[in-house]
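Okay, everyone, let's get going.

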Amino acid sequence: MTTTETNPRKLRGHKATATCCIASRNRPGFVATSAEDGCICWFDMRCKDVQLVMEIGKEPISSLCFKSGNEDIIYASSGMEVQCFDVHMATSWKPLQSYSYNKEEINQISCNSKSSFLAAADDGGDVKIIDIHQHHLYKTLRAGAGHTSICSSVQFLPWRPWEVITGGLDSKLIMWDFSKGRPYKIMDFGLPDMNSGGNTGQSFNPAFVHMLAVPEVDMLDKVDKICVVARGDGVVDVINIESELAAMRSKTSTKPRRGSQSRSKDSSPTADIETSNQNGRKRLCLDYSLGGHTAAVSCVAFSLFGEIGKFIISGGNDKSVKVWDWSKYYDARQSNDNNDLHLNISLSKKVNWLCTTPTESENLVVCDTTKVVKVYSVS
């Protein structure tokens, strides 16, 4: 493990704390950032100064995302509203569309890979699924049926077109069939058995789910169908979603059929399932024993540079960014590899958001709790 340079490139343009950053896939080196000043700043890494400042409102902007397949269209959440902009018309700062379906402040928005739906997760625990072709509310994933507290993160599963995954400050990760508006798998990181893979003594904070990351479509042949979880107790969890669902289907299929003979206590279906889950499920906890975070993990992302998806990048309230070479774990099928942590970056402030760019240098963008966005080079 190495520590990178302490003098990153600084992107100036915001007048208040930077909240979010996203990087273009089609135009390497182009980055959009948002802040509490209600502005979106556009940067081209080949240039010194900010290229464009979009003043879209007075309220802080909590999240940004591109329209999948068309990066000229950008969505921004501010307060309880999602606005859609065409970058080529940015000087007018007039939204193409505006959606006000959420009743509480929005924490994250996400667009599905087919560019047909947008999800907005809010403080009330609700997730609004918006049909961005027809411009209407498609479905509400309701608090109570799912999250009982703030829903902090939402991501569509690109390999399952009608499914979305959410995380919240109730310590739950929930997989939904959003066509039906129902959860079909709930993982509670607040339960003791969910923390068995990590060192739970590393942080006194609850295992809140602060952010989720799933691989994009073009990563799937390299990184498998996984979800990365940024947890409040300092753990970065890597979960194989398909293994989790296979275990769930196994549990369902082993229920005794009507009229079948009941099993003895020693050969109960539950005991069989627990054994197969422990042996068959791929799960990785990147925690402080491997050089990980000592406070809440606020954000996670996959690397877009070099071999895409090779690294998981995490940022936390311990004023550090960790670059994990998690692919070694799946190659070796072992979790006790002290080389998992590829790089540690020490900062002076807590991390709000981070993203990566598909460039050889200046490929890690970090929003901390200041108005200046930092850019690092990771190789």
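So, F305: this one is buried, because its relative accessible area is 5%, and buried means under 20%, with exposed over 50% and partly exposed in between, using a 1.4 Å probe and protein chains only. F311 counts as buried too, at 5% relative accessibility.

Quick word on where this comes from. This is a predicted model, where local features need pLDDT of at least 70, side-chain atom pairs count only at pLDDT 80 or more, and totals for chains, interfaces and linings use all residues. Residues are numbered from 1 along each chain as its sequence is written, and side-chain values use heavy atoms, with hydrogens and water left out.

Now, rings. There are ten aromatic pairs in the structure. To pair, rings of Phe, Tyr and Trp (its six-membered ring) need centres within 6.5 Å; planes under 30 degrees apart are stacked, over 60 edge-to-face, and the rest tilted. One of the pairs is W42 with F66, tilted, 6.2 Å between centres and 45° between planes. That pair links distant parts of the chain, with W42 in strand β5 (residues 39-44) and F66 in strand β7 (residues 61-67), 24 residues apart. Strands here are DSSP runs of E, at least two residues, and helices are runs of H or I, at least four, numbered from the N terminus. Both W42 and F66 are buried. F305 and F311 make a tilted pair as well, at 6.0 Å and 35°. And F117, Y138, F156, W162 and F178 form one aromatic cluster.

Y138 also has a charge over its ring: the charged end of K139 is 5.5 Å from the ring centre. The cut-off there is NZ of Lys or CZ of Arg within 6 Å of the centre and within 35 degrees of the ring normal.

On to the sheet. Four strands form an open, antiparallel sheet in the order β11-β12-β13-β14, where pairing takes at least two DSSP bridges between two strands. Which strands stand at the edges? β11 (106-111) and β14 (136-141) do, each with a single partner strand, so one side of each has no neighbour in the sheet. Between β12 (residues 117-122) and β13 (residues 127-131) there are five bridges, and A121 stands opposite V127 in β13.

Last, the backbone. Most residues other than glycine have a negative phi. D224 has a positive one, near 75°, and is found in the loop between α1 (220-223) and β20 (226-231). D224 is partly exposed, at 31% relative accessible area.
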